[in-house]
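Look at the model from its overall build down to single residues. Keep the sequence at hand while reading.

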Amino acid sequence: MSDWLKSLKTPTPQKGYELAIKLAREGVVYTQPSAEVRKKLRKKYARDADSLIMVSEVIAIHFQTVAAANNYWK
């Protein structure tokens, strides 16, 4: 695994949201390192509303963490 995450600090909420998406994606890659397997699974979940909602939930949880680190709510 590469050492890419240096900080949760971001200059804007938009960049914070983009970081939350990256955290979600990197989590998937870390837990399923095979690109071939991820590609096969993508066909199934890309058309499943429940899976897409769950992805949104994971991103929202990551964004809450980034927002807390950046005091976005103050």
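Predicted model: local features only at pLDDT ≥ 70, side-chain atom pairs only at ≥ 80, totals over all residues.

Residues are numbered from 1 along each chain as its sequence is written, and side-chain values use heavy atoms, with hydrogens and water left out.

The chain has 3 helices and 0 strands, where helices (H or I, at least four residues) and strands (E, at least two) are DSSP runs numbered from the N terminus. Read from the N terminus, the order of elements is α-α-α. Along the principal axes, the C-alpha atoms fill a box of roughly 40 × 30 × 15 Å. Of the 74 residues, 19% count as buried; buried means under 20% relative accessible area, exposed over 50%, and partly exposed in between, with a 1.4 Å probe and protein chains only. Among contacts (heavy atoms within 4.5 Å) with a separation of 6 or more, 57% join residues 24 or more positions apart.

Next comes the core. A nonpolar core is a set of buried Ala, Val, Leu, Ile, Met, Phe, Trp, Tyr and Cys residues joined through side-chain atoms within 4.5 Å. The largest one has 9 residues: Leu19, Ala20, Leu23, Ala24, Ile59, Phe63, Val66, Ala67 and Tyr72. Helix H1 (13–31) and helix H3 (49–70) each supply at least two residues of this core. If residues up to four places away in sequence are not counted, Phe63 touches Pro13, Gly16, Tyr17, Ala20, Tyr72 and Trp73.

Now turn to open space. A pocket is an open set of points on a 1 Å grid over the protein atoms alone, where a 1.4 Å probe fits, with protein on both sides within 12 Å along at least five of seven lines; its lining residues have an atom within 4 Å of a point. The largest pocket holds about 600 Å³ of space. It is lined by 17 residues, and Ala24, Arg25, Val28, Tyr45 and Val55 are the closest to its centre. H1, helix H2 (35–45) and H3 each supply at least two lining residues, with the largest share, 6 residues, coming from H1.

One residue remains. Asn71 lies in the segment after H3. Although Asn71 is not a glycine, its phi is positive, about 55°. Asn71 is partly exposed, with a relative accessible area of 47%.

Key:
Points joined across faces, edges and corners; volume = space filled by probe spheres on them.
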